[in-house]
Amino acid sequence: MKFRKKPVEIEAVCWDGKNDLEIMAFCPVCQFTLRNNVREMEIMTLEDGIDGRAVHIASVGDFIIQGVHGEFYACKPDIFEKTYERAD
């Protein structure tokens with residue numbers, strides 16, 4: 001069977017490595033880390049993990065999305081471009 005994603009509007013911000021304040025205002029469950037001299041962002045998600053939550057790791061250039069249940073997660077730019085279009 002084939003399925004098509006239902007049209008839903010989401011909010012998203014692309015992390016460009018310079019807009020940390022914008023990201024923090026948008027995503028209260030995000031925190032920035034430095035791993036092996038590379039800046040990353042950790043996003044506490046609603047998915048399964050310890051206590052029903054898990055951590056997503058985002059890289060500079062990833063889109064941070066707020067989903068339909070208020071959850072936040074990262075999406076690689078190529079997937080974002082294939083999946084979403086501007087709603088305004």
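What share of the contacts in the chain with a separation of 6 or more comes from residues 24 or more positions apart? In this predicted model, such residues account for 34% of those contacts.

The chain holds two helices and six strands, and these elements follow one another along the sequence in the pattern β-α-β-β-β-β-β-α. Some of the strands form an open sheet of three, in which the order is β2-β3-β4 and the pairing is antiparallel. Because β2 (30–35) and β4 (54–58) each have a single partner strand, they stand at the edges of the sheet, and one side of each is left without a neighbour there. From one strand to the next, the twist averages 35 degrees.

The pairing of β2 with β3, a strand that covers residues 38–45, is antiparallel and is made by six bridges. Within this pairing, T33 stands opposite E40 in β3.

Values for the chain as a whole are set out below.

| Property of the chain | Value |
|---|---|
| Span of the C-alpha trace along its principal axes | about 45 × 30 × 25 Å |
| Share of the 88 residues that count as buried | 31% |
| Distance between the mean positions of positive and negative charges | 6 Å |

Two of these entries can be described further. The charges whose mean positions are compared comprise 11 positive and 16 negative ones, and the two mean positions lie 6 Å apart.

Notes. Residues are numbered from 1 along each chain as its sequence is written. This is a predicted model: local features need pLDDT of at least 70, side-chain atom pairs count only at pLDDT 80 or more; totals for chains, interfaces and linings use all residues. Side-chain values use heavy atoms; hydrogens and water are left out. Two strands pair if DSSP finds at least two bridges between them. Helices (H or I, at least four residues) and strands (E, at least two) are DSSP runs, numbered from the N terminus. Axes are lines fitted to C-alpha atoms, for helices over the stretch in contact, and angles run from 0 to 180 degrees between N-to-C directions. Buried means under 20% relative accessible area, exposed over 50%, partly exposed in between (1.4 Å probe, protein chains only). Contact means heavy atoms within 4.5 Å. Lys and Arg count as positive and Asp and Glu as negative; His and the chain ends are not counted. The place of a charge is taken as NZ of Lys, CZ of Arg, CG of Asp or CD of Glu.
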